[in-house]
Amino acid sequence: DGRLRIRTARRVPHTPLLVSVALSKEEVLEPWYQSALSYVGAAMALIVLIVVMTRQLMRDQKSQTTLMEKVERSESLLRQHRDQLQEMVELRTHDLVTARDAAEQANRAKTVFLSNMSHELRTPMHAILSFAQLGTVRSRNLQRETIERYFGNVLRAAQRLMRLLDDLLDLSK
């Protein structure tokens with residue numbers, strides 16, 4: 001029939017018979033082709049799966065690299081902000097210490113001023129009060145009512161002014 005055939009012969013053990021078989025090449029190789037085709041199909045599927053997974057892995061790695069870069073940038077910015085905040089706190093602390101020192105110095109100056117003013121205001125007031133009292137007592141002895149009335153007015157005004165000064169100085173302290 002013009003077809004290429006594969007022949008084989010075997011002797012049947014314990015008998016004088018010889019078995020000869022001749023099959024066409026296609027018939028012999030058909031099961032092999034089928035299994036080879038299934039192996040090739042499985043190999044192709046594995047190759048496609050490996051390619052897909054490799055691409056996904058590369059995308060994931062690129063995404064991870066991008067995320068790592070973002071994290072590193074964020075950490076760098078955080079370090080920079082931390083350092084700047086530390087400098088700002090130091091500057092602010094220095095400003096606050098300077099302001100506190102200035103306030104304490106102003107408070108001391110106020111205390112010195114009030115002490116001096118108290119002395120400077122009270123000394124003449126005591127003199128006015130003393131002379132008004134002295135004038136009132138002496139004018140009574142001389143029985144001069146007009147002079148006594150004048151000195152009485154001076155004395156009352158000076159006493160009222162002295163109470164006002166005492167209240168003002170006590171309030172300012």
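A residue counts as buried when under 20% of its relative area is accessible, and as exposed when that value is over 50%. Keep this in mind as you explore, and remember that the model on your screen is predicted.

Start by selecting helix H1, residues 25-142. With 118 residues at 1.5 Å each, H1 should span 176 Å, and its end C-alpha atoms lie 168 Å apart, which agrees. Now center on Pro-31, where H1 bends by about 35°.

Next, pick out the buried residues of H1: Leu-114, Ser-118, Met-125, Leu-129, Ala-132, Gly-135, Thr-136 and Ser-139. Why might residues three or four places apart point the same way? An α-helix has 3.6 residues a turn, so they do.

Which residues make up the largest nonpolar core? Select Met-125, Leu-129, Ala-132, Leu-155, Ala-158, Met-162 and Leu-165, seven residues in all. Helices H1 and H2 (145-172) are the elements that give two or more residues to this core, and H2 gives the most, with four. Zoom in on Ala-132: beyond its neighbours within four places in sequence, Ala-132 is in contact with Phe-151, Val-154 and Leu-155.

For the last stop, go to Leu-4, in the segment before strand E1 (5-11). Is Leu-4 buried or exposed? Its relative accessibility is 59%, so Leu-4 counts as exposed. Leaving aside neighbours within four places in sequence, Leu-4 is in contact with Leu-23, Ser-24 and Lys-25.

Technical notes: Residues are numbered from 1 along each chain as its sequence is written. This is a predicted model: local features need pLDDT of at least 70, side-chain atom pairs count only at pLDDT 80 or more; totals for chains, interfaces and linings use all residues. Side-chain values use heavy atoms; hydrogens and water are left out. A nonpolar core is a set of buried Ala, Val, Leu, Ile, Met, Phe, Trp, Tyr and Cys residues joined through side-chain atoms within 4.5 Å. Buried means under 20% relative accessible area, exposed over 50%, partly exposed in between (1.4 Å probe, protein chains only). Contact means heavy atoms within 4.5 Å. The expected span of a helix is 1.5 Å times one less than its number of residues. The bend at a residue is the angle between axes fitted to the seven residues ending there and the seven starting there.
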